[in-house]
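Hello,

Here is the structure you were waiting for. Please have a look, then read my notes below.

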Amino acid sequence: MESRPLRYFVAVAEERSFTRAAGRLGIAGPALSRAIRNLEAELGVRLFERSTRVVELTGPAEVLLAQARPALDALDAAVRRAVRASAPHRSVLLAVKADADGGLLEDILTAVAAEPDAEPVAVRLCGWREHTRLLRTGEADAALMFRPYDPDGIDADVVAVEPRMAALPADHALAGASRVRLADLGIGPEEVDERAEHDIGEHGVHDLAQLLALVGLGTTTTVLPRSVAARYPRQGVAYVRIEDCPPATLVIAWPERSRSRGVAALVRATTAVAESRGMGAAIETPR
C-alpha cells in the first residue's frame, strides 16, 4: 500500500471533515473522496460514516488511525535520517531544552569528540515536552531530557538523579528554611513532575525565566530540578530543598531502532561525564 492514501485517511480522520481535510492537504474535495473510496475498496471495510453535517469514524477506522499515525511518523523519520546521512558533513542532532541539561551539555560536547566512532554533535534547542516528538519524526537523533515522557519507541539511559527545589519569593515565610515539605507548598506528589510546565501555562508566560520573574514578584511559587535552579539565580527568588519530593531524573534518549554509532558515542560520553561529576545513576531503560 502507498503512503499517500493513508495520509489522506489520517487527515480526514483528524479533521472529521472532507472539506477541511482537502484544504489541509491542498487537493480538490472530489479527488480526496475518490482516494478514500479506493482505500475502503482496497481494505474491504467502511472507514467513515458520512452525513451532511459530520464525518464519523467506524470501528475499523479507529484501529487504522491508531496504527497509521506511528507508521507515517516512522516513514517520515526514515526519510529525514536518510537525507541527513547522505550529507557531506554528517552530525548527530541532540535535542535539549535550554538550561534543562543538568549543567552537563558543554562537558558532553567536549567529551564526545574523544569517543570512538564519534560524529559532530549539533544541538537542537526545543520546548517543553517536545523532545520525544523530535525523536519520533527524525528531527533529532538523541535527546537530553527530564522524565516524565512517553517512552513508546524510545530507549534511554539514566544520566542523573537529583533533588528538586522550591522556588519561593525572597520574602516568603519559608524562604529562609533549610528544607520544606510538599504539604507546606500545597503540592501533591502526583503534581510534581508537571508543576513548572503547569505554572507556565497557568500564568500565561512563555518560559521559565518569565515564570521566575513572577515568583520574584510574589505572584506564585514553583518546583525545579536543582541543576535548573542553579542556572537561574534571581535576587528576588529563594531556592529551598524539598525533603519529601520525588527526585528529578535526567536521561539521554534515542529512537529504539537506532543503530547509529554516532548516537552510541554520544550516549557513552554523556554517561561518562555524569559519572565523573558524581551524578551518574544505574543505567536503565524506562518502560
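Among contacts in the chain between residues at least 6 apart in sequence, what percentage join residues at least 24 apart? The figure is 72%. Keep in mind that this is a predicted model.

Overall picture first. The chain has eleven helices and eleven strands. Its C-alpha trace spans about 70 × 50 × 30 Å along the principal axes. There are 287 residues in the chain, and 43% of them are buried.

Now the surface and the charges. The accessible surface of the chain is about 14,700 Å². Carbon and sulfur atoms account for 51% of that surface. The chain carries 35 positive and 40 negative charges.

Threonine 271 sits in helix α11, which runs over residues 261-276. Is threonine 271 buried or exposed? Threonine 271 has a relative accessible area of 12%, under the 20% cut-off, so this residue counts as buried. Setting aside neighbours within four places in sequence, threonine 271 is in contact with Asp157 and Val158.

Last, the cysteines. How many disulfides does the count come to? The count is zero, with a disulfide taken as a pair of cysteine sulfur atoms within 2.5 Å. Cysteine 126 is buried, with a relative accessible area of 10%. Cysteine 245 is buried too, and its relative accessible area is 12%.

Best wishes

How values were computed
Residues numbered from 1 in each chain as written. Predicted model: local features only at pLDDT ≥ 70, side-chain atom pairs only at ≥ 80, totals over all residues. Heavy atoms only, no water. Helix = DSSP H or I, 4+ residues; strand = E, 2+ residues; numbered from the N terminus. Buried < 20%, exposed > 50% of the residue type's maximum accessible area, 1.4 Å probe, protein only. Contact = heavy atoms within 4.5 Å. Areas by Shrake-Rupley, 256 points an atom, 1.4 Å probe, with all protein chains shown as cover. Lys, Arg positive; Asp, Glu negative; His and termini not counted. Charge placed at Lys NZ, Arg CZ, Asp CG, Glu CD.
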